[in-house]
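Visitor: I have a structure to look at, and I want to know what the words used for it rest on. Can you take me through them?

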Amino acid sequence: MGNFFKIFSVSLSFLLLWEADARSYTVAKQQLIKVGNATEPKDLDPATVTGTPESHILDNLFEGLMAYQPRTLDPIPGVAESWSVSADGKVYTFKLRKNARWSDGVEVTAQDFVYSWIRALSPKTASEYAYQLFYVKNGEAFNAGKIKDPTQVGIKALDKYTLQVSLENPTPFFVRLTSFHTYYPVPPHVVEKEGKEWTKEGKLVSNGPFKLKEWKLNRHIHLARNEHYWDKEAVMMNEVIFYPVENTDTEEKMFVAGDLHMTSTVPTLKVPFYQSKMKQNPNQYQIYKNVPNLAVYFYRFNVRKKPMDDPRVRRALALTVDRKLIVERVTRGGQLPAGSFTPTVAGYFYQGQHTLPVSVTPEAIAEAKKLLKDAGYEDPKTMPKIELLYNTNEAHKQIAIAIQQMWNKNLGVEVELFNQEWKVYLDSENKGNFNVSRAGWVGDYPDPNTFLDMFVTNGGNNKTGWSNKDYDKMIDMAAETLDQAKRFDYFQKAEDLLLTELPILPIYFYTQQKLISEDVRMLEEGKITEWYDNITDRLLYKYYVLVDVKK
């Protein structure tokens, strides 16, 4: 692997010829990939962001103790070159690389991680993802303000290159967590100097394979190869440009015109066209990619506002959404209708009695109407108007229109649709300024916990206002055992409660749909190979390379 990268990573003046599927190609001289990224990111602070558009950028700017294996997403050494675990599974000791550097050349140290994790936990930071660090001893207490002294949190720099982490309980997926962006280090010497402005162009300093070159609001974010990255010889891509294109038709036109190498999605109405092309030319390279994704599309109910404060109303609405019709007639991308919340992951799938019907039946409509009657809304006109919020996107709009029509037809309730730009939409959700809101959740790691721990009381990403002590207890108990069968049993009971009270409305399980140029390749075990996916759509451009295909 080393020799291969030494030939090509610093200078691509050498062009080697490769063969794959009878198509020969040479490594492109210009290693600049242009990708659609759906929307303008809220910020580039690893401690405060929660969205997929932001994570696509952060995963290339920063690196945690662990990094992601690009295909399997298994944890591989990142800033930490090795680690050990105590016999009781509660103390982790990480040895950091001595050649890890920030993009300004400053050394990355164990104290940088202490600073960064304490900052993410600090109530002043108001991180919605702070709960990801609650596995650390006293992390939750510090975040809640019950402990003021940060030295009591289980994060310690034993020396410049040794980080010791003490946990509340044995946590089998903790090593995986350290590759997630909430656990990324941030540069103390920059954050302390620049304050909230530290993520801006000309100020942001990162430790990953790329650094921020340019950020033009609502135009593009331009990354360049980080010459101080410890593994720079393994990086063939020199530059990445992210375009915040919210209109999927515009994004597709940019791809067709050659202005993008990869889109974030595919316009819903164009899916049948690309599927047809695949069938007509099965032996040709297919630009349309449709692969599994560990993610769920759902609606949040704000249980603090009428009429969503009544679980009978929420269940009535859940019973009258035809999920099968939505995936077959609206999204049409191979998505699976979701009768539960958690996708099948790591051997777990919901098997309880509260699975929602994927199709609307006369019996379901009758039950829903009775529930509304029992809630005091025998005449649906007396029920407060339902306001449905979604972030600006044509696909979200089409789904919202379909559900609006379903609720009106099946129950006679009035639904008004509202769309907002990404940052405004996130702010509305965080402040509870919504009745029903569109949402999606991509697993942070392949374990049911990443979906179900979201709805604990006051969880940063809960946003529904829902609270259930028994649910919290099940999630806590799952975190305290290493017995997988017991863990899954606790998750089953937790999901039972979630689907009984329904602060959320599951709609479908995602697939990843993209248009990807034939020029896009990836690296695997030192060789150039075809583009490959992973189940949470992590786009790790350290492993990407552009080629010129010989026609």
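Visitor: What makes the meeting of aspartate 59 and arginine 538 a salt bridge?

Guide: First, the ground rules. This is a predicted model, where local features need pLDDT of at least 70, side-chain atom pairs count only at pLDDT 80 or more, and totals for chains, interfaces and linings use all residues. Residues are numbered from 1 along each chain as its sequence is written, and side-chain values use heavy atoms, with hydrogens and water left out. Now the pair. A salt bridge needs a side-chain nitrogen of Lys or Arg within 4 Å of a carboxyl oxygen of Asp or Glu. Between the side chains of aspartate 59 and arginine 538, the N to O distance is 2.7 Å. That is within the cut-off, so the name applies.

Visitor: What does this pair tie together?

Guide: Aspartate 59 lies in helix H2 (residues 52–61). Arginine 538 lies in the loop between strand S20 (527–530) and strand S21 (544–549). The pair therefore ties together parts that are 479 residues apart in sequence. Helices here are DSSP runs of H or I with at least four residues, strands are runs of E with at least two, and both are numbered from the N terminus.

Visitor: Why is aspartate 59 called buried?

Guide: Buried means under 20% relative accessible area, exposed means over 50%, and partly exposed is in between (1.4 Å probe, protein chains only). Aspartate 59 has 6%, so it counts as buried. Arginine 538 has 8% and is buried too.

Visitor: How do you know that glutamate 194 and lysine 203 form a salt bridge?

Guide: Their closest N and O atoms are 3.5 Å apart. That meets the distance rule. Glutamate 194 has 23% relative accessibility, so it is partly exposed. Lysine 203, at 32%, is partly exposed as well.

Visitor: What makes arginine 315 and glutamate 367 count as a salt bridge?

Guide: The N to O distance between their side chains is 3.9 Å, which is within 4 Å. Arginine 315 lies in helix H9 (residues 311–319) and glutamate 367 in helix H11 (residues 362–374), so the pair ties together parts 52 residues apart in sequence. Glutamate 367 has a relative accessible area of 37%, so it is partly exposed.

Visitor: What makes Lys42, Glu128, Arg300, Glu429 and Lys463 one network?

Guide: Salt bridges that share partners join them. The whole structure has 27 salt bridges.

Visitor: How do you know that strand S10 and strand S11 pair?

Guide: Two strands pair if DSSP finds at least two bridges between them. Six bridges join S10 (residues 210–216) to S11 (residues 220–225), so they qualify. The two strands run antiparallel. Leucine 212 has leucine 223 in S11 as its bridge partner. Three residues lie between the strands of this hairpin, where asparagine 218 takes a positive phi near 65°.

Visitor: What makes S15 and strand S16 a pair?

Guide: Again, the bridges: six of them join S15 to S16 (residues 415–420), in the parallel sense. Tyrosine 390 stands opposite asparagine 419 in S16.

Visitor: Why is strand S15 called largely enclosed?

Guide: S15 covers residues 386–391. Five of its six residues are buried, so the rest of the structure largely encloses this strand.

Visitor: What makes histidine 56 buried, and what does it touch?

Guide: Histidine 56 has 7% relative accessibility, so it counts as buried. Its place is in helix H2. Not counting residues up to four places away in sequence, histidine 56 touches Asn37, Phe242, Asp537 and Leu539. Histidine 56 and aspartate 537 are 481 residues apart along the chain, yet their C-alpha atoms are separated by 8.6 Å.

How values were computed
Contact means heavy atoms within 4.5 Å.
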